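Dear colleague,

Please find below the structure that I am handing over to you, together with its sequence. I would be grateful if you would look at it alongside the notes that come after it.

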Amino acid sequence: MKLIRLFSLIVLCVACKKDNQSYEELYKKADTKLVEIEKLVKTSSCNDLSSLQIDSVIGGYNGGYNSVYKYFPVGNEIKNAYNKLKSEYISLLEAARKIDERPIFDMLVESEPHFGIGCIDGFPKVLLASDFNFEQTREKLNTNIRALETFYANPICHNPSNWYALPIAKDCKLKYVLFQNDANSESRKDFNAIYRQHKALSRRLAKLDPNYVKCENLLASHKNVRCENNKPVIEE
């Protein structure tokens, strides 16, 4: 009987210890789970990238402190295993945050824009600006600038307060492109995605080319937009 009681106490103590894990331990376990996700993704092939979907989770030790969103390419062959690991990861993260009394700054975390799915070192990967070399970055930046300049094929202006002039760096000169803050949420979303890509590519090029740093750091001034013949015009 004494042995049974002793064994029960040992089991109870082990359970208590497990339940009373510190937030540091839980964050570390969450990070380990994130590594498992990364390893799982690398079991996918690059044979059919079009069949993969992009998913994201917030990553980084202490979940929210200097952390960013991580993107993963997910296909049907790993979908179930991926969802299971992601669920376990989120559970660990939430458990840690419940007992972590420090302020969490998730609202300040902005996900880095991605550029679709590519194949790197034989594995599918959600591409970021940091994945591009000098020539690739320059080419994509030029394409991006053209996309921003031609985003509104036939803009109509009735109210200038709906239009804004946003700065971009083109040929190492400060230029401005039109942005319409209208009721079309899909249009705003698409434009913002391209504009955020522009900033990411510009930062990347500044890291790869010291001569471009001065271009990336051009100081922008506020520009007004007026309606002229029902067309938005950026004032000089």
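This is a predicted model: local features need pLDDT of at least 70, side-chain atom pairs count only at pLDDT 80 or more; totals for chains, interfaces and linings use all residues.

The protein chain contains six helices and eight strands. Read from the N terminus, its elements follow the order α-α-β-β-α-β-β-α-β-β-α-α-β-β. Of the 236 residues in the protein chain, 33% are buried. The accessible surface of the chain amounts to about 15,200 Å², and carbon and sulfur atoms account for 53% of this. Where contacts link residues at least 6 apart in sequence, 65% of them join residues at least 24 apart.

Two helix pairs were examined. Two packed helices are described by the angle between their axes and the distance between the axes.

On the H2 side, the residues in contact include Leu26, Ala30, Leu34 and Ile37, and on the H3 side they include Leu85, Tyr89, Leu92 and Ala96. By class, this contact of H2 with H3 comprises 16 nonpolar and six charged residues, with no polar ones.

The other pair is helix H4 (residues 134-149) with helix H5 (residues 185-208). Here the axes come within 9 Å and cross at roughly 150°, and H4 and H5 are therefore also roughly antiparallel to each other. H4 passes H5 in a left-handed crossing. Among the residues that make the contact are Phe134, Leu141, Asn144 and Leu148 of H4, and Phe191, Tyr195, His198 and Leu205 of H5. The residues of the contact of H4 with H5 comprise 11 nonpolar, five polar and three charged.

Finally, one residue may be of interest when you inspect the model. Glutamine 180 lies in strand E6 (residues 173-180). Its relative accessibility is 17%, and glutamine 180 therefore counts as buried, the cut-off being under 20%. Leaving aside residues up to four places away in sequence, glutamine 180 touches Tyr152, Ile156, Asn162, Trp163 and Arg188.

With kind regards

Key:
Residues are numbered from 1 along each chain as its sequence is written. Side-chain values use heavy atoms; hydrogens and water are left out. Axes are lines fitted to C-alpha atoms, for helices over the stretch in contact, and angles run from 0 to 180 degrees between N-to-C directions. Helices (H or I, at least four residues) and strands (E, at least two) are DSSP runs, numbered from the N terminus. Angles under 35 degrees count as roughly parallel, over 145 as roughly antiparallel, 65 to 115 as roughly perpendicular and the rest as oblique. A crossing is left-handed if the near helix is turned anticlockwise from the far one by less than a right angle, and right-handed if clockwise. Contact means heavy atoms within 4.5 Å. Ala, Val, Leu, Ile, Met, Phe, Trp, Tyr, Cys and Pro count as nonpolar, Asp, Glu, Lys and Arg as charged, and the others, Gly among them, as polar. Buried means under 20% relative accessible area, exposed over 50%, partly exposed in between (1.4 Å probe, protein chains only). Accessible areas come from the Shrake-Rupley method with a 1.4 Å probe; for residues, only the protein chains shown count as cover.
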